[in-house]
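Here are my notes on the model you sent over. Have it open while you go through the points.

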Amino acid sequence: MDPFLEAAIDEARQGLSEEGIPIGSVLVIDGEIVARGHNRRIQKGSVILHAEMDCLEKAGRRTAADYSRSILYSTLSPCDMCSGAALLYKIPKIVVGENRTFQGPESYVRSRGVDLEILDDPDCIAMMQSFIAERPELWNEDIGLPN
């Protein structure tokens, strides 16, 4: 398994252990993880702390040159907000664990020149399917659907 996706999955599991939504993300620059994050909307009462946003926040201020060499990993296809952040900072590649349970604006992200790789990872799929079945109200809240 890709060690960076594995790190993102570890973040997702941490979020689940905190009774949050099991989505994880890591930011990789020059082959090294520079930041990790997981969805902390529930834990922090936040409207924006999706996994990718938490990861980017933890990365701190970075230069455009840093972002131009980065890869954003996420266990789940990034939503509009998280995709927008990746586009804003011109992150050239996003690696996604799975997009079966949720698909963000992938065609648009690709149309903007981002290399988007979908791994279709069974662990990511199983984790989200289980969570959505057990906590549909939290999932719907997270993606902006009515309960």
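**Notes on the model**

1. Asp115 sits in strand β5, which covers residues 115-118. Helices (H or I, at least four residues) and strands (E, at least two) are DSSP runs, numbered from the N terminus. A word on the basis: this is a predicted model, where local features need pLDDT of at least 70, side-chain atom pairs count only at pLDDT 80 or more, and totals for chains, interfaces and linings use all residues. Residues are numbered from 1 along each chain as its sequence is written, and side-chain values use heavy atoms, with hydrogens and water left out.

2. Leaving out residues up to four places away in sequence, Asp115 touches Pro92, Lys93 and Ile94, a contact being heavy atoms within 4.5 Å. Asp115 and Pro92 are 23 residues apart along the chain, yet their C-alpha atoms are separated by 6.2 Å.

3. On the annotation side, an unreviewed UniProt entry puts "domain: CMP/dCMP-type deaminase" at residues 1-116. UniProt positions follow the numbering used here, feature names are shortened, and annotations may be inferred rather than shown by experiment. That stretch, residues 1-116, is 41% helix and 24% strand, with its end C-alpha atoms 18 Å apart.

4. Now the inside. The largest nonpolar core has 28 residues, and Ile23, Leu27, Leu72, Ile91, Ile94 and Trp139 have the most contacts inside it. (A nonpolar core is a set of buried Ala, Val, Leu, Ile, Met, Phe, Trp, Tyr and Cys residues joined through side-chain atoms within 4.5 Å.) Elements that each supply at least two residues of this core include β3 (70-76), β4 (93-98) and α7 (122-134). The largest share, five residues, comes from α3.

5. Ile23 touches, among others, His38, Ser74, Met128 and Trp139, not counting residues up to four places away in sequence.

6. What lines the largest pocket? Among the lining residues are Ile48, Met53, Glu57, Arg61, Tyr67 and Tyr89. By class, the lining has eight nonpolar, one polar and three charged residues (Ala, Val, Leu, Ile, Met, Phe, Trp, Tyr, Cys and Pro count as nonpolar, Asp, Glu, Lys and Arg as charged, and the others, Gly among them, as polar). A pocket here is an open set of points on a 1 Å grid over the protein atoms alone, where a 1.4 Å probe fits, with protein on both sides within 12 Å along at least five of seven lines; lining residues have an atom within 4 Å of a point. α3 gives the most to this lining, with three residues.

Key. Buried < 20%, exposed > 50% of the residue type's maximum accessible area, 1.4 Å probe, protein only.
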